[in-house]
Amino acid sequence: MIQDLRARSPMTLTKYWMPIVCVVGVLMGQGLSAKLPEKPNVVVILVDDMGFSDIGCFGGEIPTPNIDALAAGGLRFTRFYNAGRCSPSRASLLTGLYSNQAGVGRLVKDQKLPGYRGGLNDRCVTLAEVLAPAGYLTAITGKWHVGGEDGLEPGPWMRGFERGLNAPTGGFYFGSAKGLKLYLNGEEIDGKDHRLPKNWYATDLWTEYGLKFVDEAISEKKPFFLYQANCGPHFPLQAPAEDIAAFRGKYRMGWDELRKKRYAKQKELGVIGENWELSARPKEVPAWDSLSEEKRDQLDHVMAVYAAVMTRLDKSVGDLVAGLKQRGVLNNTLILFMSDNGGSGESGAKGAFKGDPTKANSRWLSGAGWAYAQDTPFFLHKRFNHEGGIATPLIVYWPDGIDTKGELRKQTGHLIDLMPTLVDVCGATYPKDFKGHAVQPMEGVSLVPALSNKSLDRNEIYWEHQGNAALRSGNLKLVRKLKTGKWELYDIETDGTETHNLASEQPEKVEVLTKKWQAWAERANVLPAP
């Protein structure tokens, strides 16, 4: 009965609701709102390069009161996954497919193979293309990064987004950045365009324009789908001087001590397993105590910039929520917040420092040392398929749709699940063909049962990126570092930090899962690879 109801649109459900008081009682007891809302508005907030433990409600010390408030008023999914890198994650989120199936196996360069065209192909549909026919005004602000450098898939206006202020690839915070590209509803503009506020900061700009598009939806009497794809906290790390100054000196403790503190808080919050061990420091990351005083000061500075970028990100979330509340649409807006990958280890363990981080055209990166802390308690970081690269917090907030507040959800999910989830709650239809092309079936499952803490009918989940590979099957995870690495096996339920490799103890299981991964790789256009 519940499965049947979830297959219907919210508008259709109203006439079915009153006769099934017994089902309502069950749902009320387990988390879904008994009063079925109208077709909900949807806001998907994707952040870029944020570590699993960076926000307060997942163990971080950086003040993120607005994001934490969403968690307190909603649900935290603690076993949720992305695709481990920016473009693949965006492709999976937008299409409900594995990124290679959508044509974006790596970044946005066309490598002339089906899974690596560098742009969304014609055998996928985006959330915007699915929700617009269901009556939604569709809008995007922020980073697109699923359009090819070689002319493939030029922008969101070609893939169902009716409104948009977007950057093709990001890479800036201040409007005076060299080489900055922006598109307003498909029209290329520069950072000084008269339609933009003066001296804008990108994180604030995405929210300001997101609310403009919300106003247009309200004016047209339509529900809205807003995809806010933030650039922060991706490098180059840049923030106003006063924001950075608030954190200067607070990271002199170093990444080893910070990781311990975050780990202890995560245990207290219950967002990690009670018996999970803290994974070891990667070999390329030196002990903090081994660094010179000058280097420690420099690294304290870059982490202060990172924290400043995060607090501006949190402020933008608060501004968005306040704007929705002021417009009277917050209660029936489903908000989902997540990251596209783990913290970034780019630039090596000791970071990069070029120019002044309070100005455009500087290039500061926090590096693999701080990523080690950002991704507490996990191993490795962005690009890899160990947990540090692919685990993301997911916050789900929907006052009219979810009765239980502040609870944790441990069901396993992935970005491919957003498409079936939004098809469910928005009363949309996922097409078999689109614009004359057959569309691949969705790969994910709806998260709707998990909102009321029910189990999901979960299939295996797969990953591959630049030779790194993984498969999650029930409680087991098969994972490999780089193409030349040996397959490792973990009981990810009891050993979520991947500290006890079971491969030598269970070679038959490794063999079975390896064959499954190989079959998926061939089916999903991972192979042939560049």
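1. Confidence. The average pLDDT of the protein is 92, and 92% of the residues reach at least 70. Residues 1-30 have a pLDDT below 50, yet this stretch makes 44 contacts in the model beyond near neighbours in sequence. Where pLDDT is low, the predicted coordinates should not be read in detail.

2. Main core. The largest nonpolar core holds 82 residues, and Leu324 and Trp370 have the most contacts inside it. Helix H11 (residues 293-326) supplies the largest share of this core, 15 residues. Leaving aside residues up to four places away in sequence, Leu324 touches Val43, Leu211, Val214, Phe224, Val329, Leu330, Thr333 and Ile335.

3. Second core. A separate core of 51 residues has among its members Ala102, Cys124, Leu336 and Ala428.

4. Cysteines. The search of the whole structure gives 0 disulfides. For Cys124, the closest cysteine sulfur is that of Cys86, 17 Å away and too far for a bond. For Cys426, the closest is the sulfur of Cys124, at 19 Å, again too far for a bond. Cys124 is buried, at 1% relative accessible area, and Cys426 is also buried, at 0% relative accessibility.

Methods:
Residues numbered from 1 in each chain as written. Predicted model: local features only at pLDDT ≥ 70, side-chain atom pairs only at ≥ 80, totals over all residues. Heavy atoms only, no water. pLDDT = per-residue confidence, 0-100. Contact = heavy atoms within 4.5 Å. Core = buried A, V, L, I, M, F, W, Y, C linked by side-chain atoms within 4.5 Å. Buried < 20%, exposed > 50% of the residue type's maximum accessible area, 1.4 Å probe, protein only. Helix = DSSP H or I, 4+ residues; strand = E, 2+ residues; numbered from the N terminus. Disulfide = S-S within 2.5 Å.
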